[in-house]
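Thanks for asking me to look this one over. Here are my notes, written as numbered points so that you can follow them with the coordinates open.

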Amino acid sequence: MAAPVMSRDGAGVLRYPSFSAPLPALSRSIHTSGRSRACVLDAQIPIKDLPLYSYDYDADFPPGGRALKEATEAADGILFVSPEYNRSIPGALKNAIDWGSRPWGTISFARKPTGIIGASPGSIGTAVMQSSMRSVLSFLDAPQLNAPEAYISYKAEAFGDDGEVEDASTAKFLGHYMDEYAAFVARVLAANAPGHIGDLEPDAAKLPR
């Protein structure tokens with residue numbers, strides 16, 4: 001299964017060295033072990049060139065907006081990797097999510113299994129940002145991996161310059177998270193179908209369990 005990363009630093013938004021920069025490289029390098037299926041993070045969804053979303057674009061989406069929606073819809077799942085700004089979602093990432101949810105009735109994130117990883121120098125490790133993200137993703141009908149949660153308290157000595165994990169406990173935790181995320185994506189894909197709340201017969205369209 002393919003699960004692109006949509007991230008603030010790793011996808012090229014306002015790109016400069018920061019404490020969250022190693023995480024996209026790290027998440028791409030972690031694969032599930034001991035399972036018959038693997039979660040391969042083989043793509044990033046660029047968001048750096050998106051203009052600020054406006055309703056005025058709905059009649060004629062710019063190429064960047066169309067590309068984001070197409071990449072999101074083609075993915076089996078979406079892993080968000082982000083820092084926390086002012087106790088909330090970074091503006092560039094929220095803007096990308098807004099693009100993916102428009103025009104009205106064409107939410108690209110609907111029924112896409114999602115995960116969230118964040119890093120912060122503070123002790124709560126992006127917990128507030130992730131809480132905000134969960135509210136947004138719930139409205140967009142995007143299933144979320146609720147446990148385990150990945151709140152990384154960033155320590156420079158735990159990562160190499162290329163994003164490789166050099167701290168054994170951090171590597172073990174993130175490996176466990178990716179195992180759980182891979183299993184979650186597989187479960188959602190097995191249960192998903194065209195039907196959903198609001199359709200005439202949503203249950204009739206679901207795949208047999």
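1. Let me begin with a loop residue that deserves a look at its backbone. Asparagine 86 sits in the loop that runs between strand 2 (78-82) and helix 3. Its phi is positive, about 50°, although asparagine 86 is not a glycine. Is asparagine 86 buried or exposed? Its relative accessible area is 79%, and the cut-off for exposed is over 50%, so asparagine 86 counts as exposed. Please keep in mind, here and below, that this is a predicted model.

2. Where is aspartate 141 found? The answer is the loop between helix 4 and strand 4. Aspartate 141 has a relative accessibility of 36% and therefore counts as partly exposed.

3. Proline 148 has its place between helix 4 (127-139) and strand 4, in the loop, and the bond joining alanine 147 to proline 148 is cis, with omega about 0°. A cis bond is also found from arginine 102 to proline 103, where omega is near -5°. Proline 103 belongs to the loop between helix 3 and strand 3 (114-120). If you set up torsion checks, these are the omega values to compare with yours: about 0° for alanine 147 to proline 148, and near -5° for arginine 102 to proline 103.

4. Now for the overall layout. How many helices and strands does the protein have? There are five helices and four strands. Read from the N terminus, the order of elements is β-α-α-β-α-β-α-β-α. The protein has 209 residues, and 46% of them are buried. Among contacts with a separation of 6 or more, 75% are between residues 24 or more positions apart.

5. Next, a helix pair. Helix 2 (residues 63-74) packs with helix 3 (residues 91-100) at an angle of about 80°, and their axes are 9 Å apart. Helix 2 is therefore roughly perpendicular to helix 3. On the helix 2 side the contact is made by Gly65, Leu68 and Lys69, and on the helix 3 side by Ala96, Trp99 and Gly100. Sorted by class, this contact has three nonpolar, two polar and one charged residues.

6. The C-alpha atoms of proline 46 and alanine 96 are separated by 9.2 Å, while the two residues are 50 residues apart along the chain. Aspartate 49 lies in the loop between helix 1 (22-29) and helix 2 as well, and at 67% relative accessibility aspartate 49 counts as exposed. From aspartate 49 to alanine 92 the C-alpha separation is 9.9 Å, across 43 residues of chain.

7. Then there is the second largest pocket, with about 170 Å³ of space. Which elements give two or more residues to its lining? They are strand 4 (150-153) and helix 5 (168-191). Strand 4 provides the largest share, three residues. The lining is made up of Tyr151, Ile152, Ser153, Tyr154, Lys155, Glu157, Ala158, Phe159, Asp167, Thr170 and Phe173. By class, that gives six nonpolar, two polar and three charged residues.

8. Finally, a closer look at a lining residue from the previous point. Glutamate 157, one of the residues that line the second largest pocket, has its place in the loop between strand 4 and helix 5. Glutamate 157 is exposed, with a relative accessible area of 60%. How far apart are the C-alpha atoms of glutamate 157 and aspartate 167? They are separated by 7.6 Å, with the two residues ten residues apart along the chain. Aspartate 167 is also among the residues lining this pocket.

Terms used. Residues are numbered from 1 along each chain as its sequence is written. This is a predicted model: local features need pLDDT of at least 70, side-chain atom pairs count only at pLDDT 80 or more; totals for chains, interfaces and linings use all residues. Side-chain values use heavy atoms; hydrogens and water are left out. On a 1 Å grid over the protein atoms alone, a cavity is a set of points where a 1.4 Å probe fits but cannot get out, and a pocket is an open set with protein on both sides within 12 Å along at least five of seven lines; lining residues have an atom within 4 Å of a point. Grid points are joined across faces, edges and corners, and a volume is the space filled by probe spheres set on the points. Ala, Val, Leu, Ile, Met, Phe, Trp, Tyr, Cys and Pro count as nonpolar, Asp, Glu, Lys and Arg as charged, and the others, Gly among them, as polar. Axes are lines fitted to C-alpha atoms, for helices over the stretch in contact, and angles run from 0 to 180 degrees between N-to-C directions. Angles under 35 degrees count as roughly parallel, over 145 as roughly antiparallel, 65 to 115 as roughly perpendicular and the rest as oblique. Contact means heavy atoms within 4.5 Å. Buried means under 20% relative accessible area, exposed over 50%, partly exposed in between (1.4 Å probe, protein chains only).
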